[in-house]
Amino acid sequence: MKKLVVCMTGATGAVYGVRLLERLAALNVESHLVMSKWAKVTLKEETSYSLHDVQGLATKVYSDADQSACISSGSFQHDGVAIVPCSMKTLAGIRVGYGENLIARAADVALKEQRKLVLMVRETPLNVIHLDNMLAVAKAGAVIFPAVPAFYHRPRSLDDVIDQSVGRLLDMFGIDDPGLKRWQGLAGSAAQA
């Protein structure tokens, strides 16, 4: 069984984290959830989901202040950490190894143990500090995964856009979402070749 650590920060885009948890539950993937204080605020401001309902989607929930949680140790076996959404503050903390909370510590552990760390960064426009932090973290082994929508699947709703991004994020961990609409090439391109 796959096992994923899911962290949510206060950046806009809480719905991406919620949808990730929904898909993991539907795909029978064990999930370990950490939400920052500001993630909880953003969830309330941006969505109609209750904190109780979101936490109920996860297999296990931890306080961001709990540095003694099992996910803060490299001995805890898992398939990776997804920070969805990832604030620029969290990105900066990861870059310098400042494990002030459980989210930053879980990311630091993923990097040191050479496990998959995927950061769905949320900010626009990006300044040079953001870009430099992303480059440094990518060089350390993280995957920078901005929430950039695809349109080749012809989304008809915001849910379609969110589902596509979350499905592609699941690919980063080798988790196949059968509902993901994948690129099939241009219609008639084989005949034109």
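## About the model

The model is predicted, so to speak of a local feature a pLDDT of at least 70 is needed, side-chain atom pairs count only at pLDDT 80 or more, and totals for chains, interfaces and linings use all residues. Residues are numbered from 1 along each chain as its sequence is written, and side-chain values use heavy atoms, with hydrogens and water left out.

## Helices α4 and α6

Let's start with a pair of helices. Helices (H or I, at least four residues) and strands (E, at least two) are DSSP runs, numbered from the N terminus. The axes of α4 (residues 88-96) and α6 (residues 128-139) come within 9 Å and cross at roughly 45°. Here axes are lines fitted to C-alpha atoms, for helices over the stretch in contact, and angles run from 0 to 180 degrees between N-to-C directions. The two helices are therefore oblique to each other; angles under 35 degrees count as roughly parallel, over 145 as roughly antiparallel, 65 to 115 as roughly perpendicular and the rest as oblique. Their crossing is left-handed, a term for a near helix turned anticlockwise from the far one by less than a right angle, with right-handed for clockwise.

On the α4 side, Met-88, Leu-91, Ala-92, Ile-94 and Arg-95 make contact (heavy atoms within 4.5 Å) with α6 residues including His-130, Met-134 and Val-137. The buried residues of α4 are Met-88, Thr-90, Leu-91, Gly-93 and Ile-94, where buried means under 20% relative accessible area, exposed over 50% and partly exposed in between (1.4 Å probe, protein chains only). These buried residues pack against β4, α5, β5 and α6. After α4 comes Gly-97, with a positive phi near 70°.

## Helices α1 and α7

The axes of α1 and α7 come within 10 Å and cross at roughly 65°, and this crossing is right-handed. Among the residues that meet here are Leu-20 and Leu-24 in α1 and Val-166 and Leu-169 in α7. The contact is made of 8 nonpolar, 1 polar and 4 charged residues. In this scheme Ala, Val, Leu, Ile, Met, Phe, Trp, Tyr, Cys and Pro count as nonpolar, Asp, Glu, Lys and Arg as charged, and the others, Gly among them, as polar.

## Two nonpolar cores

A nonpolar core is a set of buried Ala, Val, Leu, Ile, Met, Phe, Trp, Tyr and Cys residues joined through side-chain atoms within 4.5 Å. The largest one has 28 residues, of which Met-8, Leu-20, Leu-24, Leu-33 and Leu-169 touch the most other members. Elements giving it two or more residues include β1 (3-8), β2 (30-35) and α7 (158-171), while the largest share, 6 residues, comes from α1.

Apart from this core lies another, of 25 residues, with Ala-69, Cys-86, Leu-91 and Met-134 among them.

## Backbone details

Most residues other than glycine have a negative phi, and most peptide bonds are trans. Two cis bonds deserve a look. Val-84 and Pro-85 are joined by a cis peptide bond with omega near -5°, and Pro-85 lies in strand β4. The bond between Thr-124 and Pro-125 is also cis, with omega about -10°; Pro-125 sits in the loop between β5 and α6.

Positive phi values turn up in loops too. Gln-114, not a glycine, has a phi of about 55° and is found in the loop between α5 (102-112) and β5. With 74% relative accessibility, Gln-114 counts as exposed. Arg-154 has a positive phi near 50°, in the loop between β6 (143-144) and α7, and Arg-154 is exposed at 69% relative accessibility.
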